Amino acid sequence: MSEEKQCQCAEIQEEELYPRLEEVINQHRGKGEDLIMVLHKAQNLFGYLPRRAQEMVAEGLNVSLNEVYGVITFYNFFSTVPQGRNSVKICLGTACYVRGSQEVLDKAQKELGIKVGGTTEDRRYSLDVVRCIGACGLAPAMLVNEDVYGRVKSPHLVDILKKYE
Amino acid sequence: MKISLTIDGRPIEVEEGTSILDAAKMANVHIPTLCYLPEVQAIGACRVCLVEVEGNRTLQAACVSPVAKGQVIYTNTDRVRKARRFSVEMLLSNHPFECLSCAKNLHCDLQSLAYELGIRELRFTGDKSGGRIDESSPAIRRDQNKCILCRRCVTVCQEIQSVTALFTQGRGFDTRVEPAFDRDINDVACTACGQCSIVCPVGAITEREYIDEVFAAIYDPTKFVVIQDAPAVRAALGEEFGYPPGTLVTGKMLAAARKLGFDRVFDTNFAADLTILEEGTELLKRVKEGGVLPMITSCSPGWIKFIEHFYPELLDHLSTCKSPHMMLGALAKTYFAKKAGVDPKDIVVVSVMPCTAKKFECNRPEMYDSGYKDVDYVLTTREFAKMIKQAGIDFEGLPDEMYDDPMGEYTGAATIFGATGGVMEAALRTAYEVATGRVLENVEFAAVRGLEGIKEATVPVEGIGDVRVAVSHGLGNARKLLEKIKCGEADYHFIEVMACPGGCVGGGGQPVPVDNEIRTLRAKALYTEDAHLKYRKSHENPSIKKIYEEFLGAPLGEKSHHLLHTHYTPRNKF
C-alpha cells in the first residue's frame, strides 16, 4: 500500500495508473467478496474512484457496477471526486460546534465555492467535515493536511487557506 | 430433528432450523411482515415481524430468528404491538401519503399494515428523505418518494435475476435504491422484466401504465382497436376478481374485452402456434445445415434484453423469431387489415401481457415491420383488470365468449407457452412430426415441465438422432446456461429461456402476490386446457394452415422473414 501512496505524491497522470489497477484486479479476478479491498487499493492509487476505475473493478470482480457504486457511496472513506492537493477538514464535533465551527464551515464553502465532500476545480482544495480531532481545547478547530488550527474565526480562514498552494 | 416450543401458549413441534415466522404459520398464528419475501428474502430489516421470546432482553425479528428447543414465544403482547406499530409509524413518517392517487392504492402492503396495526394518527413528522420519479423506461415507473428501503427489489434483481440493475446507494437518511451514478433505469442494464414491480410492497416500482391511452383509442371513432392476450393472462386475471389462483377465465376475459369496446379480440395463442412453425423450421434448418447451435428461444423480451446486455457475443444463438404478440401485431396491420378492408393506419393493436418487458419491446425501432408501429400499447394483466373495474363491468356475471377470426384459433401447444417448458414442449411436438413425417403418440413431455431451475431432456428423433434440449426460467438460471455455452460445455440443440421465474405465469405484469405455489397452479390451469383441446400440435391449427396458404407462403419464406422475424442489438452491460 505504501508503494501506491508514493504514486499519488508523484503526480503521475491518471491514464498511466489504469494498467496498475488492472494488476491489482488480476489478483482478485472473479472474487466479488474482495470488492472493498480492491476499492481500497484503487482509491489509494488514484486518490479517488473515477468511473472508469469503478467499471474496471465491476468487470474484473464480476460484480454489478450498480453494486460497486452502492458500496462506494455507503462508506465515507471512498470518494468519487478527485481529491485536491490540500485537504481542508473542519471539525463539527460537539465542542467545536458549540463554539461556532458551523460558521467557519459556511465561510469555507462560500470562499471555495464547493460543498462538503467537494474539490475545487483547480484541485487546490478538498473540503470535508470531521467529528472531533481531539483538539477540543482549541475549539473551533480545523485541519489543513497535517496542520491543526485552533480558535479559528471565519475571518481568519482566508489567510489560513492562502498558505497552501 | 423436531424440536418443541410454545407459541402464544400453544405447544408446537417443528423441524430444527425453522424460523419463528414459519413456525408461527404452522401454529396458525399470523405475524405481520413487510420486507420478508417467501423463497427470496429474509433480512429482518423492517422490524415489523417482531416477537417476544421469553428470556431474551430484546424483541426478535421472526423472519430471521430460528426456533430453539423449549422456547416460549409471544406474538401478541403489549410490548410487541407497540414495537410493531412504532416500526410502521417510523416508515410512515417518511412517506408522501399520495395513497388516493397511487397506482398501488388498496394493493399496498404498507397501507394494509397501517390499517392492521390500527395506526390512527401520525405522531412523527419532519424532513422526508424524498427521491425522484424515474419515467425514463417505457416499461417500469419508479417513484422513489414512496420507497421504504425494504430491498425486496434489489434482492430479486440480484439473487433471482442476476441482473442487479438497482442497488442501495448512499447511507443513513440519504439511502436510496438507484442504479450507479443515480442514472435513469432505462440507461442501465435493466431487462425490464418487472420482477421488481411484483415484489415492491408499495408504489415505488410499478409498470408504466397506458390505460388512459388505450381508453382514448377505444373512444376515438376513427380507430379500429384490436386486442390480443397472452396465454398466461387467462390463468391469472381471475385472481384480480377474487377467483382462486389457477382459474382459467378465458371466456369472461373475452366478453370483458368486447364490453370495453375493442373491435376485434384476437389470441396471442394463434401467434404462438405460428411461432412454433417458424421457430421449429428454423431449428431443423440449423440442425441440417450446420447453423449456430444451441438455438435459443426468443419469445421473452426480458430475456432478449438480458442477452443483449450481458452476452452480446452469443446473440447468434437466438432464434430470429419475434415474440408471438409482435408477430400478431405485424399481421393485424397487414394480413387482417387487408382481409377486413381496414386501413392499417387506423388500426390500434393492444396486447394484454403478463409482462412489463413487452412494453419495452413494442417500442423497439425494429418493431415497425407492418409499416406502422406493430403493437401500439402493451398492458399488463394488472392494468387490464383495472380497466375492467374502471368500466364498471361485473366480471363474474359475464358470459363465456370466443375469440374472433382469423387470428383466434389455437392449439394446446400454444396455450402451454405460458408455463416454463411450454415452448419447448410445443416445439418438440411439431419438430418431431415435421422431421420424421410420423405421428407423435404421446405429446406430453414431462421432463420439461415443473419449477426445476434448469431442466434437461433428450428426445430421440428418427433421421436426426438424439435431440438434446434444456429449459430455464429466471434469468439467474439463464446465465448459468450461457456460461456453459461460453465454455463450450453445452451440447444442446435447443434451449428455452424465460426471464421470469415459472415462465410467463410468474411474469412481471401478473397479479400479486405470487409464489411457487401460485405459479404451479397457474401452470396447471394451462396444462389442463391443453389436455382437453382437440388440436394439441401447432401445425394442426386450421387457421395457421390457412394463413400460410392465403398470405405467408411457407415458414421462413420471404413474407415471414419480413414480418415475423427480427434482429438483435448488442448493448453495454453497464
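Modeller: Happy to! Chain A is divided into domain 1, residues 2–74, and domain 2, residues 86–162, with the bounds coming from an automatic or database domain assignment. The C-alpha centres of these two domains of chain A lie 29 Å apart. Before we go on, please keep in mind that this is a predicted model, in which local features need pLDDT of at least 70 and side-chain atom pairs count only at pLDDT 80 or more, while totals for chains, interfaces and linings use all residues. Residues are numbered from 1 along each chain as its sequence is written, and chains are lettered from A and ligands numbered from 1 in the order in which they are written.

Read from the N terminus, the order is α-α-α-α-α-β-α-α-β-β-β-α. Along the principal axes, the C-alpha atoms of chain A fill a box of roughly 50 × 30 × 25 Å. Of its 165 residues, 28% count as buried, where buried means that 20 or more other C-beta atoms lie within 10 Å of a residue's own, exposed means 12 or fewer, and partly exposed is in between, with C-beta atoms placed from the backbone. Two residues are in contact if their C-beta atoms, placed from the backbone, lie within 7 Å. Take the contacts in chain A between residues at least 6 apart in sequence: 62% of them join residues at least 24 apart.

Now let's zoom in on one residue. A:Val148 sits in strand β4 (residues 147–149) of chain A. Because 14 other C-beta atoms lie within 10 Å, A:Val148 is partly exposed. Not counting residues up to four places away in sequence, A:Val148 touches A:Ile133, A:Ala135, A:Ala141 and A:Leu143. A:Ile133 is 15 residues away along the chain, and the two C-alpha atoms are separated by 8.9 Å.

How does chain A meet its partner? The contact takes 10 residues from chain A and 13 residues from chain B. On the chain A side, the largest share, eight residues, comes from helix α5 (residues 65–74). By class, that side has four nonpolar, four polar and two charged residues; Ala, Val, Leu, Ile, Met, Phe, Trp, Tyr, Cys and Pro count as nonpolar, Asp, Glu, Lys and Arg as charged, and the others, Gly among them, as polar.

Across in chain B there are three domains: domain 1 (2–92), domain 2 (99–207) and domain 3 (212–564). The C-alpha centres of domains 2 and 3 of chain B lie 29 Å apart. Their contact takes 18 residues from domain 2 and 25 residues from domain 3.

Helix α13 (residues 381–390) of chain B is largely enclosed by the rest of the structure, because seven of its 10 residues are buried. Those seven are B:Thr381, B:Arg382, B:Glu383, B:Phe384, B:Ala385, B:Met387 and B:Ile388. Their cover includes β10 (205–207), α6 (211–219) and β14 (347–353) of chain B. After α13(B) comes B:Gly392, whose phi is positive, near 70°.

B:Cys193 counts as buried because it has 35 C-beta neighbours inside 10 Å. Leaving aside neighbours within four places in sequence, its contacts include B:Gln161, B:Gly302 and B:Cys500.

Finally, the cores. A nonpolar core is a set of buried Ala, Val, Leu, Ile, Met, Phe, Trp, Tyr and Cys residues joined through C-beta atoms within 7 Å. In the largest one, of 191 residues, B:Cys153, B:Val226 and B:Val350 touch the most other members. Helix α11 (residues 324–340) of chain B gives the most to this core, with nine residues. Apart from it lies another core, of 14 residues, which brings us back to chain A: A:Ile90, A:Cys91, A:Cys96 and A:Leu105 are among its members.

How values were computed
Helices (H or I, at least four residues) and strands (E, at least two) are DSSP runs, numbered from the N terminus. Axes are lines fitted to C-alpha atoms, for helices over the stretch in contact, and angles run from 0 to 180 degrees between N-to-C directions.
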